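Colleague: I'm new to this one, and I'd like to learn how to read its features. Could you walk me through it?

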Amino acid sequence: MRNFVLTFLLLCSIVMFGNEDAPFVNFSWKEFASIPPGNNQSSQPGLAGAFMGIHNEALIIAGGANFPNGGVWEGGAKAYHQAVYVLEKMEAEQYQWFAGKQFVLPQKVAYGLTVATDAGLVCIGGMNESSVLNTVFLMKWDSQEKEVNIQDLPSLPKPFANMSGGKIGNKIYVAASDDQTESKYFLELDLSNLELGWKELPVWSGSPRTHAVGIVQNNGEVDCFYLFKGRFKGQNRTSQMLTDSYEFNPLTNTWRPLKTDTEFQLAAGTGVAVGANHILLFGGDDGHTFNQLEQLGADINQATDSAAQKKLVAERDHILQSHPGFAKEIWAFHTITQSWAKMGELPSQAQVTTTALKWNDQILIPSGEVAPCVRTPHILAVTLSNDTYFGTLNYIVLLVYLVVLVGIGFVFSKNQHSTDDFFKGGKRIPWWAAGLSIFGTQLSAITFMAIPAKTFATDWLYFFLMMTIIMVAPFIIRYFLPFYRRYNLTTAYEYLELRFNLPTRLLGSAMYIFLQVGRLGIVLLLPSLALSVVTGINVYTCILTMGVLSILYTVLGGIEAVIWTDVVQVIVLLGGALLSLVLLYLNLDGNDISNYVADFQKMRIFDSTLSFSEPTLWVVLIGGFASNIVQYGSDQTVIQRYLTTKDEKAAAKGITTGAWLALPSTLIFFTLGTLLFVHYKTSPELLTPMLEKTDAIFPWYIVNSLPQGVSGLLIAAVFAASMSSLDSSMNSVSTVITTDFFRRLQPLKNELSYLKTARLITIIIGTIGTGFALLMASWGISSLWDQFNMIVGLFAGGLGGIFALGIFTKRANGMGALTGLLLSGILQYIIKEHTSVHLLMYAFTGMFSSIVIGYFASLLFGKSEAGKLEYTYFNLKKR
């Protein structure tokens, strides 16, 4: 049976013009610049071991060492330098070496460590002709005064050279070793508290090492420091070339060895973090010739016969002169799967004892050593790009799918005669369609990508978070749904006026509007960025396509079109995800699955630790329960689906359907993420380093590993999922503005006027969301947008809390509810900024604080009006 299925799927791939195997990343190389002649030059202008980095749009290269009078075989000797070179970025991507003044370091130095910060380049340790150094200073380029400024920083506790290091947050980390004592050190300097000086931290478990590569990159959860390979001599005749590597987690201050399946030795190379989770290593010394030269050097020093010594020197000089250069391979390391993939080779001689730098969209490899005693002045630049092929058939499928969605809007446009049709679908929606729509509304494109990405990067700790809706659904059906159906409400916030007062209703409505408007841009932008990377479709085309089409069919078909497009989307997404899961499983070796899942603890499903700062079992249960009460009990986007069925019983069945869909969908998506981990662990060369977010991992697999046609349909479904979130928000915001503001405060002439107003508001809201997404894509202002969403989101839990306050208490009143809502937002900010409480708990802390503060504030403001008590659960039971 397995062979039959595999054969069938293979034939499908052939018929559908399956994607060809091809390299997924292109390296475009060019010579960027060359170090100009200066006072460190003679026959050899290049430098090895210089301090180098980017500050204030300028490349700074300082110090370094070379052989200005020829190699050792020519009688030349290594010289150390202190000159500073500055390459400024001019207009129109032009670059120019600053020639107005010769800058110098306080002393000659090379083979130190440079760590770039916003304030400048932190230059650490190094050595010169006379000694190893422990000095540390900040070097910065003043672009206005055209000056290099140097500021002393706390010295190292010991002199070190040939270190590795990086910066995480405000802290600099340095991995160093001492040849004389054969000891290793791991040091930390807090730039926000320099008075503390350097602090010693626990060290890695492996050998001491120098000439290792140190890079900071995210491991799927947190930025970590990675220590790769290197060499160590100590008191031995020759250096030991190391193959092991380690990860340091700053949250736990612990190291772990990396579980790589590919072993190779490398020292004095350079690397840079790229994408979301990749590290690229460019060249390095594999040690074979180096060890041979070390052995000859030891023999020369021990030789007592001059003829024998002369012969050894001649042999050494021959090896030096005929040195083939260093290893040219480009290796990619993925921090989540902990796997190496060979991505290609350098276009010319490998440059070692240098530092790779990222400058805008380029990676620079400045100067460095290309052979023993030989330096190059050249600065190489490389630009990375994905080699993606979406395919004609995929484009056809995508186009057809999008046309179908718009067609649904046209089909239901004939039913839109009033706001009851536009907002509630005339109560014609079947319970199962409402249930699928409730589920689909929660399953945005971000969620569709993020859930597999989460289990790809971590484990199954969030599984019970997804299950809490099954526990919450009966609670919502019993205690919340009756109020929305029996009082014939159109918006959830009408209840707040019935129970409290008009200001509470208007504030709740306004908060909902701001929250939805705030998320529209992100809901469009993030999937568009991911789709652009994996398909090659322009990001602006993605945004405009989804934005314009969503506005079109939502304006035409109202909530009916929204719900029926949700139904199509859910069927395609779940069906496509299930097909992806089957294909993925059939293409993996069962032993690989069991071994890697066990080795990396990918199936860890709960953590019983009594902690509220990590996603423990208690956090996911409490946070999930509160979050779902807030969403299903007070979010107009969800509640509006309750109002589209013929009666309360049908709405309850819809809620139950949507809730129970969480079980199969969670199993599918979580398993998908786990199998994607195994897939890219065993085939790391199939994963591009260009993914800017881990969330793009599933779309990348869809486009590059599934048959054409199938991948087109699934990418179309990702488009549709984004459009589903957009259309839901547009229709719900239109409902709230029309009902809670126009109909309540500024009545219009007739029902047709309300319908026209609702459609106009839909267009305006959709245009705003699309416009913000385009602006964020152009200007990169998503961080400001995130801050706006964070501020508005502080009140989301509190808003859910005042609904619970009204339903379950008799003493609550309008002033108390408003006080609880506003103070809970302030309290949420304090919790966020000054505690380590996990973000999953925010819904609970917001809701709970709103209820408690609102209740006690109500006691101060007096009793509720008698008529308001009709809208509590206690009186509802009597109806």
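This is a predicted model: local features need pLDDT of at least 70, side-chain atom pairs count only at pLDDT 80 or more; totals for chains, interfaces and linings use all residues.

Colleague: How does S1 pair with strand S31, parallel or antiparallel?

Modeller: In general, strands of a sheet pair through backbone hydrogen bonds, either parallel or antiparallel. Strands here are DSSP runs of E with at least two residues, helices are runs of H or I with at least four, and both are numbered from the N terminus. Two strands count as paired if DSSP finds at least two bridges between them. S1 and S31 (residues 378–386) pair in the antiparallel sense, over nine bridges.

Colleague: And what is the order of the strands in that open sheet?

Modeller: Its four strands run S1-S31-S28-S27, with antiparallel pairing. At the edges sit S1 (25–34) and S27 (357–359), each pairing on one side only.

Colleague: Now salt bridges. How many are there?

Modeller: The idea is a side-chain nitrogen of Lys or Arg within 4 Å of a carboxyl oxygen of Asp or Glu. By this rule there are 19 salt bridges. Take Arg 209 and Asp 244, whose closest N and O atoms are 3.0 Å apart. Arg 209 lies in the loop between strands S16 and S17, and Asp 244 in the loop between S20 and S21, so the pair ties together parts that are 35 residues apart in sequence.

Colleague: Is Arg 209 buried or exposed?

Modeller: Buried means under 20% relative accessible area, exposed over 50%, and partly exposed in between (1.4 Å probe, protein chains only). Arg 209 is buried at 2%, whereas Asp 244 is partly exposed at 24%.

Colleague: Which parts of the chain does the pair of Arg 505 and Asp 740 link?

Modeller: Arg 505 is in helix H11 (residues 502–535) and Asp 740 in helix H19 (residues 710–745), 235 residues apart. Their closest N and O atoms are 2.6 Å apart, and both residues are buried. The two also belong to a network of salt bridges with Glu 497 and Arg 744.

Colleague: What about Glu 833 and Lys 832?

Modeller: Their side chains meet in a salt bridge at 3.2 Å, N to O. Glu 833 is partly exposed at 38%, and Lys 832 is partly exposed at 30%.

How values were computed
Residues are numbered from 1 along each chain as its sequence is written. Side-chain values use heavy atoms; hydrogens and water are left out.
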